[in-house]
Amino acid sequence: MFFAGLFAIYFTLRAAVPEMWAEDSALLNFPFSLTNTIILVSSSVTAQFGVFAAERLQSRATGWKPSQWGMVEWFFLTYVLGAIFVTGQVYEYAMLVSEGITFNGNAYGTAFYLTTGFHGLHVTGGLIAFLLVIGRAFAVKNFGHKEATSAIVVSYYWHFVDVVWIGLFLVIYVLR
Amino acid sequence: MKNNIVILLVLGAYFLLSGVAYIVWNHLAGNEFEATGSLGLLLSAVLAAFIAFFLNMVNRSQGGILLPEDMPTADIDDADPNIGHFAPWSWWPLVLGFSVGLAFLGLAVGFWIIFLAIPFVLVAITGWTYEYYRGNFGH
């Protein structure tokens, strides 16, 4: 619902000033953002492998091979991928600001930073949640169903945030 | 779960038929294509079919065991499982509420207050997450 509202803001402003959109969205770095998108989508895949491990009630790796990894290893990998995504977003913001697209500059900047910024905040919240779930796996002697449930719940959140990004990516970078 | 799957499939078929009828009827009446209703009906069909598909997968992975709602002889008690562990009482939600409140006060009054609030938020959220993982409750 929240992101539906942000999409509505984006589309309303885009319909009101199409020439501003054509001019400003040309400054977006599509290959960079596509790479970042692929990183975020693959983090959803690794999160799901973490969930499979949690459903086996396996918190730690039994060997170095990814097929022997536990939830903790998969979630750490997910955390790294998510953190790379957020870092990439910060870098992209810096690039865009240097090219003159700012939050309070014009309608395009406001819509762009509002939508992607709130998504970035959600990703950051998800990263903190992953750390808390990993911490729970370290806090217990026996990794049980309660810990597995919290891992599954956080993965649902993560997949949701990922799907929202795919929508944002298609609208902002592909449709323009 | 079988019954739920059938109900959702029926709903999906119904929405698909009404969506197609809506578009064709609208076209025959000489109106131009109406996106909102057409998309709404067709997407409802997709959503119903999607949940049916998901439940079918869950049903198969559980080996097709019957849920209480599938059995005519079931009691209400049978469909009242232990949903999870909930704290009977806890101070942490109050602590987290005050900390987040302080952070939002920072947004409204002065940004420096947020830096004051961050440690409180972090302590509250870890405290709440690990309330039943420490001391007496360590497991």
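This is a predicted model: local features need pLDDT of at least 70, side-chain atom pairs count only at pLDDT 80 or more; totals for chains, interfaces and linings use all residues.
**Exercise 1. At what angle do helix α5 (residues 107–139) of chain A and helix α6 (residues 145–175) of chain A pack, and how far apart are their axes?**

Residues are numbered from 1 along each chain as its sequence is written, chains are lettered from A and ligands numbered from 1 in the order written, and side-chain values use heavy atoms, leaving out hydrogens and water.

Step 1. Helices here are DSSP runs of H or I with at least four residues, and strands are E runs of at least two, numbered from the N terminus. Axes are lines fitted to C-alpha atoms, for helices over the stretch in contact, with angles from 0 to 180 degrees between N-to-C directions.

Step 2. The α5(A) and α6(A) axes sit 10 Å apart, at an angle of about 160 degrees. That makes the two roughly antiparallel (over 145 degrees; under 35 is roughly parallel, 65 to 115 roughly perpendicular, the rest oblique).

Step 3. The contact residues split into 17 nonpolar, six polar and two charged. Nonpolar covers Ala, Val, Leu, Ile, Met, Phe, Trp, Tyr, Cys and Pro; charged covers Asp, Glu, Lys and Arg; the others, Gly among them, are polar.

**Exercise 2. Work out how helix α1 (residues 2–16) of chain A lies against α6(A).**

Step 1. The angle is about 5 degrees and the axes are 12 Å apart, which makes α1(A) roughly parallel to α6(A).

Step 2. Now list who touches (contact: heavy atoms within 4.5 Å). From α1(A) come A:Phe3, A:Phe7, A:Tyr10, A:Phe11 and A:Arg14, while α6(A) brings residues including A:Phe160, A:Gly167 and A:Leu175.

Step 3. Sort them by class: ten nonpolar, one polar and one charged.

**Exercise 3. Sketch chain A as a whole.**

Step 1. Count the elements: six helices and zero strands.

Step 2. Get the extent: the C-alpha trace spans about 60 × 30 × 20 Å along its principal axes.

Step 3. Check the sequence separation: of the contacts between residues at least 6 apart in sequence, 75% join residues at least 24 apart.

**Exercise 4. Describe the pairing of helix α1 (residues 2–28) and helix α2 (residues 35–61) in chain B.**

Step 1. The two axes come within 8 Å and cross at roughly 160 degrees, so α1(B) is roughly antiparallel to α2(B).

Step 2. Their contact residues comprise 15 nonpolar, nine polar and one charged.
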